Amino acid sequence: MDEGLEAAKERSWKEIAAIDAAHERGELDDAGWHEAVASVIEPAYLAADTAESGSGSSRDARGWEYARSLLADAVAPGQTFLDIGCANGLLMESMARWGDIEPYGLEISSELAAVARIRLPQWAHRIWVGNALEWDPPHRFDIVHTNVDYVPVPRRPALVKHLLSYAGRLVIGVFNEERETRSLENEVAAWGFAISGRSERPHPHPQLAYRAFWIDSS
Ligand SMILES: C[S@@+](CC[C@H](N)C(=O)[O-])C[C@H]1O[C@@H](n2cnc3c(N)ncnc32)[C@H](O)[C@@H]1O
């Protein structure tokens with residue numbers, strides 16, 4: 001494994017890989033997996049000294065915009081946009097600016113949701129606490145945005161299916177991966193979902209790309 005490449009993809013990759021391996025060996029059940037992931041993510045996000053790191057990004061404001069704003073390619077002005085795993089709400093706020101969407105958020109950590117509500121008082125009533133795998137929304141959304149690694153590996157197809165039950169379009173990303181293969185897109189297609197579109201930008205690491213893709217509900 002190329003450790004430099006893995007570190008460029010994901011800051012906490014070693015801890016998360018160990019948690020996934022423990023789940024695969026049966027040493028952690030699903031609740032234990034979520035608890036272990038939260039023990040890595042929550043303290044780091046709550047201690048963050050920039051809005052970007054409070055949403056899990058190691059980039060500065062320019063880097064955040066460069067990478068995350070490719071999500072604007074998936075939306076149209078005025079659409080409702082639910083950010084699954086909204087953390088401190090920075091993507092909700094950013095997408096309202098980049099895509100002129102109506103933002104909503106869901107967050108598994110009540111403490112992070114509280115931070116988002118304080119940062120975005122005008123949308124506090126649109127920020128809910130729950131696990132995306134089982135959360136029932138109050139209404140449909142034009143766009144639901146997620147990453148698949150918010151649930152244990154065997155639950156990922158079920159997450160996509162559940163989110164598509166109330167999304168006009170499900171957008172997955174932004175994630176980093178090696179440029180030469182569309183690994184995640186191919187994996188999700190192999191679960192039986194038809195990919196409707198995609199967007200990408202070069203990553204500072206020459207072997208990687210920032211990517212997002214989407215599935216339109218039929
Ligand atoms: C990397 S941040 C994403 C911030 C922003 N949505 C973005 O894409 O830039 C991931 C957030 O997802 C939350 N999260 C992880 N698993 C979740 C789940 N199953 N349901 C809801 N939120 C989850 C985490 O607590 C964390 O705040």
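## Basis of the model

Because the model is predicted, local features need pLDDT of at least 70 and side-chain atom pairs count only at pLDDT 80 or more, while totals for chains, interfaces and linings use all residues. Residues are numbered from 1 along each chain as its sequence is written, and side-chain values use heavy atoms, with hydrogens and water left out.

## The ligand site

Around the ligand there are 17 residues, of which Arg 68, Asp 83, Gly 85, Glu 107 and Asn 131 come nearest (a residue is near if one of its heavy atoms lies within 4 Å of the molecule). By class, this shell has 8 nonpolar, 6 polar and 3 charged residues. Here Ala, Val, Leu, Ile, Met, Phe, Trp, Tyr, Cys and Pro count as nonpolar, Asp, Glu, Lys and Arg as charged, and the others, Gly among them, as polar.

Several polar atoms face the ligand. A ligand nitrogen is 2.8 Å from a polar backbone atom of Gly 85. An oxygen of the ligand is 2.5 Å from an N or O atom in the side chain of Glu 107, and a nitrogen is 2.9 Å from such an atom in the side chain of Asn 131. Taken alone, the ligand exposes 610 Å², and the protein buries 93% of that (areas by the Shrake-Rupley method with a 1.4 Å probe).

## Helices H2 and H3

The axes of helix H2 (residues 13-24) and H3 come within 10 Å and cross at roughly 170°. Axes are lines fitted to C-alpha atoms over the stretch in contact, with angles from 0 to 180 degrees between N-to-C directions. The crossing angle therefore makes H2 roughly antiparallel to H3, a term for angles over 145 degrees.

In H2, Glu 15, Ile 16, Ile 19, Asp 20 and His 23 meet Asp 30, Trp 33, Ala 36, Val 37 and Val 40 of H3 (contact means heavy atoms within 4.5 Å). This contact has 6 nonpolar, 1 polar and 3 charged residues.

## Local backbone features

The peptide bond from Gly 173 to Val 174 is cis, with omega near 5°. Ala 87 has a positive phi of about 50°, although it is not a glycine.

Note on methods
A polar contact is a pair of N or O atoms within 3.5 Å; within protein, one must be able to donate a hydrogen and the other to accept it, and residues adjacent in sequence count only if both atoms are side-chain atoms. Helices (H or I, at least four residues) and strands (E, at least two) are DSSP runs, numbered from the N terminus. Angles under 35 degrees count as roughly parallel, over 145 as roughly antiparallel, 65 to 115 as roughly perpendicular and the rest as oblique.
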